[in-house]
Amino acid sequence: PVLAVLAIALGSGAGHQAVEHSWSHRVTERLLQVAVALTSEREGGALDLPGDGLSAGAITMMNFLGIVHLNQGKLEVAEQEIRSAVDAAPPQSRIRDVSSGLLGGCLVRRERYEEAEELLGRVYRSNVQWLGLPDSNTIGSMNSLIGLYEAWGRPEEAELWRQRKIAAEKG
C-alpha cells in the first residue's frame, strides 16, 4: 500500500496548470506525510536496517517529502525533513549517503556552501569506495560537487571536478 501511495503522490504533479500544480503539491505533501507515518508504524522500526531506527522505506519517504518541499521552494522545511532522514539512517549505509546527498543539494540552494561541501564530499568518497567509477551514482555525486562550486562562485574547483568527471566517464 505504501508503494501505491507513493506512486499516486509522485504522479500527481505531472501535467497540471499553475493553480492545479499548487494543489497537487499540497496533496503530494500530505500523502507522503501519511506514507512516512504508515511505513514507520507498520514496520515497527527497523525491518531492514540495523539498530532501533526507522526502516529504509520510512527514511525514503522522508526523503521524498523533503524533495516535495524543495520543489515547493520551502527550503527550511525541506532541510529539516531531509536532515531527519540523515539522522535516522545508520552510519555507513547507502540510505544515509542518499539522504546526505539530498541534504547537501538543499544546503547549496540555501547558500550554506561549507556544510554542503563537507556532505557532498563525504558522499562522493563513499560512492567511490563502495560503488567505484564510473558508477552513475558516483558520477552524480561529482555533478553535485560541480554544481556546488559553480553556485559558490568557485569556477576553478568546478572545472577541476568537471575534468575528473570526464576522466572517470572514460574509464
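Predicted model: local features only at pLDDT ≥ 70, side-chain atom pairs only at ≥ 80, totals over all residues.

User: OK, how many helices and strands does the protein chain have?

Analyst: There are eight helices and zero strands. If you read along the sequence, you get the pattern α-α-α-α-α-α-α-α.

User: And how much of the protein chain is buried?

Analyst: Of its 171 residues, 40% are buried. The protein chain exposes about 9300 Å², and carbon and sulfur atoms supply 55% of that.

User: What share of the contacts comes from residues 24 or more positions apart?

Analyst: They account for 47%, counting contacts with a separation of 6 or more.

User: Let's zoom in on α7. Which of its residues are buried?

Analyst: The buried residues of α7 are Thr-138, Ile-139, Ser-141, Met-142, Leu-145, Ile-146, Leu-148 and Tyr-149. What covers them includes α5, α6 and α8.

User: How far apart are the end C-alpha atoms of α7, and what should the helix span?

Analyst: The ends are 22 Å apart. With 16 residues at 1.5 Å a residue, α7 should span 22 Å, so the two values agree.

User: Now α8. Which residues of that helix are buried?

Analyst: Those are Ala-158, Trp-161, Lys-165 and Ala-168. They cover an arc of only 80° around the axis, so they sit on the same side of α8.

User: Why would residues spaced like that point the same way?

Analyst: An α-helix has 3.6 residues a turn, so residues three or four places apart point the same way.

User: What do the buried residues of α8 pack against, and what is on the face turned away?

Analyst: The buried residues pack against α6 and α7. The face turned away from the buried side carries the exposed residues Glu-156 and Lys-170. After α8 you reach Gly-171, whose phi is positive, near 85°.

User: Switching to α5: is Ser-99 buried or exposed?

Analyst: Ser-99, which is in helix α5, has 0% relative accessibility, so it counts as buried. Not counting residues up to four places away in sequence, Ser-99 touches Ile-59, Asn-63, Ile-82, Ala-85 and Val-86.

User: What about Asp-97, buried or exposed?

Analyst: Asp-97 is also placed in helix α5. Its relative accessible area is 11%, and the cut-off for buried is under 20%, so Asp-97 is buried. Leaving aside neighbours within four places in sequence, Asp-97 is in contact with Val-123, Ser-126 and Asn-127.

User: Which residue meets Glu-79 in a salt bridge?

Analyst: That's Arg-112, at 2.6 Å from N to O. The pair links distant parts of the chain, 33 residues apart: Glu-79 is in helix α4, and Arg-112 is in the loop between α5 and α6.

User: Which residues are linked with them in a network?

Analyst: The salt-bridge network links Glu-79, Arg-83, Arg-110, Arg-112 and Glu-115.

User: What does Arg-154 pair with?

Analyst: Arg-154 forms a salt bridge with Glu-117, where the closest N and O atoms are 4.0 Å apart. This pair links distant parts of the chain, with Arg-154 in the loop between α7 and α8 and Glu-117 in helix α6, 37 residues apart. Arg-154 also forms a salt bridge with Glu-157, and there the closest N and O atoms are 2.5 Å apart.

User: How accessible are Arg-154, Glu-117 and Glu-157?

Analyst: Arg-154 is partly exposed at 23% relative accessibility. Glu-117 counts as partly exposed at 24%, and Glu-157 counts as partly exposed at 26%.

Methods
Residues numbered from 1 in each chain as written. Heavy atoms only, no water. Salt bridge = Lys/Arg side-chain N within 4 Å of Asp/Glu carboxyl O. Helix = DSSP H or I, 4+ residues; strand = E, 2+ residues; numbered from the N terminus. Buried < 20%, exposed > 50% of the residue type's maximum accessible area, 1.4 Å probe, protein only. Contact = heavy atoms within 4.5 Å. Areas by Shrake-Rupley, 256 points an atom, 1.4 Å probe, with all protein chains shown as cover. Expected span 1.5 Å × (residues − 1). Arc of directions from axis to C-beta.
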